[in-house]
Structure formats: C-alpha cells, structure tokens
Amino acid sequence: MKCMKNLRQFQVTFATDCSQLVKMVSEPEEWPAFESYLEDIKLLKGSFLNSDIVHVPRTANLRADSLARSARKQSSFVVHMDAELPIWFTESI
C-alpha cells in the first residue's frame, strides 16, 4: 500500500490469496491481536480515493501460485520487507 501511495496511485485494488487477510481488513474488530497492523492499513487506505482488497484463490491464478511455490523452494528467505532498506542491510552492501 505504501509503495502504491508513493507511486501516486489513488484508485487501487489489492489482490491476495489469503482469505484471512481480506477478513482482517474488512472486519478489524474481530482481530484485536492485529490492531496495530490494522490501524496502519486503515491509515494507508485513507490515502487512496478508492481502494479494495480482494481474495483470489491460488487455483484462479496459476502464475502467482507457481511463483509462490518456486519462492518457497529457494534456500534464501526474506527477513525484512519495507519501502526502505534497514540500516543494518545498507551498511553491509
């Protein structure tokens, strides 16, 4: 969401294969343990004129499913995801 905001996209649809994520965003009161994360999402959603998050089952998106499966087979993994690299990472480059 932050990346799309930075790209000045104001009408966006986010698609995910995680049905629970869609439920969390649409029914945040049911997920009190994720309140701080959902508050961030709510603030970011407010920066778009129109935004939506939809569930797309993996069976309906074979390309994404294939990419996810191949990523899980990789020996490396992502330890941090953000719009900016963490300081410890940039110092190691």
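## Cysteines

A disulfide is a pair of cysteine sulfur atoms within 2.5 Å. The structure, a predicted model, holds 0 disulfides. Cys3 has a relative accessible area of 48% and is partly exposed, a class that lies between buried (under 20%) and exposed (over 50%), with a 1.4 Å probe and protein chains only. Cys18 is also partly exposed, at 32%.

## Second largest pocket

The second largest pocket contains about 180 Å³ of space. Its residues are Met24, Val25, Pro28, Trp31, Pro32, Glu35, Leu38, Glu39, Ile41, Lys42 and Lys45. Helix H2 (19-26) and helix H3 (35-45) are the elements that give two or more residues to this lining, and H3 gives the most, with 6 residues. By class, 7 lining residues are nonpolar, none is polar and 4 are charged.

A pocket is an open set of points on a 1 Å grid over the protein atoms alone, where a 1.4 Å probe fits, with protein on both sides within 12 Å along at least five of seven lines; lining residues have an atom within 4 Å of a point. The volume is the space filled by probe spheres set on the points. Helices (H or I, at least four residues) and strands (E, at least two) are DSSP runs, numbered from the N terminus. Ala, Val, Leu, Ile, Met, Phe, Trp, Tyr, Cys and Pro count as nonpolar, Asp, Glu, Lys and Arg as charged, and the others as polar.

## Ser51

Ser51 belongs to strand S2 (residues 50-55) and is buried, at 16% relative accessibility. Leaving aside residues up to four places away in sequence, Ser51 touches Val12 and Lys45 (contact means heavy atoms within 4.5 Å). Lys45 is also one of the residues lining the second largest pocket.

## Basis

Residues are numbered from 1 along each chain as its sequence is written, and side-chain values use heavy atoms, without hydrogens and water. In this predicted model, local features need pLDDT of at least 70 and side-chain atom pairs count only at pLDDT 80 or more, while totals for chains, interfaces and linings use all residues.
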